[in-house]
Amino acid sequence: MQLVLASHNQGKLTELRPLLAPLGVKLISQGALGITEAEEPFHTFLENALTKARHAARASGLPALADDAGLCVDTFGGLPGVDTAHYGAHNGCPGEDGNVRALLQNMQGEKNRRAAMVCTLVALRHENDPEPLVATGRVQGEITHEKTGTGGFGFDPVFFLPNFGCTFAELPPEVKNAHSHRGRAVQAMLALMREYWFA
């Protein structure tokens, strides 16, 4: 089965491909099909993921998988949330490294470093699928005071996992994939797909 990933993010594609392999699903990036990114006008991960999945399914004619994920920082009332990818740009520090730099600057002096990485996945059989599959993964952690580790992407170098005693960026990819917010959402999605699509 071919499934279009409603994203141009190579990091997501790299993480998701091996996780979906057990179902015999061939994951294709919408960028490889010449499909533009969808607008993400909503304030929740669920609404944005559903919008992206519908857009990719409509443009490709294939079943689609979309995720919306982000960092929810306690001391910021859950923000940046859906604006995680653009956090640095909103704070004068564009780019992926700018996101991390802006977060560390804005958290200087903050004692409450609690945060969560959240991922919501939506899968559709076609653009008008009345029964989208929805799975969410969440990992609780803390924001470090400086970057540690070279793996992963995004906020991985500053997201500390107390259970592992290190950041996401310090974990081997297979361990990160098994325990990340996206990994947890994918495991839940695999169970849903097995039950509803491949039964």
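Tutor: What follows goes from the sheet to the helices, the cores and a few local details.

This is a predicted model, in which local features need pLDDT of at least 70 and side-chain atom pairs count only at pLDDT 80 or more, while totals for chains, interfaces and linings use all residues. Residues are numbered from 1 along each chain as its sequence is written, and side-chain values use heavy atoms, with hydrogens and water left out.

Seven strands form an open sheet of mixed pairing, in the order β2-β1-β3-β4-β5-β6-β7. Strands (E, at least two residues) and helices (H or I, at least four) are DSSP runs, numbered from the N terminus; two strands pair if DSSP finds at least two bridges between them. Strands of a sheet pair through backbone hydrogen bonds, either parallel or antiparallel. At the edges are β2 (26–29) and β7 (166–167), each of which pairs on one side only.

Strand β3 (residues 64–73) has a partner on both sides. It runs parallel to β1 (residues 2–5), to which two bridges join it, and L5 stands opposite L65 of β3. Towards β4 (residues 114–124) the sense is antiparallel, with 10 bridges; here V73 stands opposite A115. Nine of the 10 residues of β3 are buried, where buried means under 20% relative accessible area, exposed over 50%, and partly exposed in between (1.4 Å probe, protein chains only). β4 in turn pairs with β5 over 10 bridges, again antiparallel, and M117 stands opposite V139 in β5.

Two helices on the sheet come next. Helix α1 packs on it, touching β1, β2 and β3, and the direction of α1 makes about 165 degrees with that of β2. Helix α6 lies across β1, β3, β4 and β5, running at about 165 degrees to β5. Contact means heavy atoms within 4.5 Å; axes are lines fitted to C-alpha atoms, for helices over the stretch in contact, and angles run from 0 to 180 degrees between N-to-C directions.

The largest nonpolar core has 21 residues, and L3, L20, L27, L65, M189 and M193 have the most contacts inside it. Such a core is a set of buried Ala, Val, Leu, Ile, Met, Phe, Trp, Tyr and Cys residues joined through side-chain atoms within 4.5 Å. Two or more of its residues come from each of β1, α1 (10–20), β4, β5 and α6 (181–196). The most, five, come from α6. L20 shows how these parts meet: not counting residues up to four places away in sequence, it touches L3, V25, L27, L65, V186, L190 and M193. A second, separate core of 20 residues includes V73, A102, M107 and L161. In soluble globular proteins, nonpolar side chains tend to be buried together.

Beyond neighbours within four places in sequence, N99 is in contact with T84, A85, H86, Y87, G88, A89, C93 and F155.

The loop between β3 and α3 holds P80. The peptide bond from L79 to P80 is cis, with omega near 10 degrees, and most peptide bonds are trans.

Last, the cysteines. There are zero disulfides, a disulfide being a pair of cysteine sulfur atoms within 2.5 Å. For C119 the closest cysteine sulfur, in C72, is 11 Å away, so a bond is ruled out by distance. C119 counts as buried, at 0% relative accessibility. C166 is in no disulfide either, with the nearest cysteine sulfur, that of C119, 20 Å away. At 12% relative accessibility, C166 also counts as buried.
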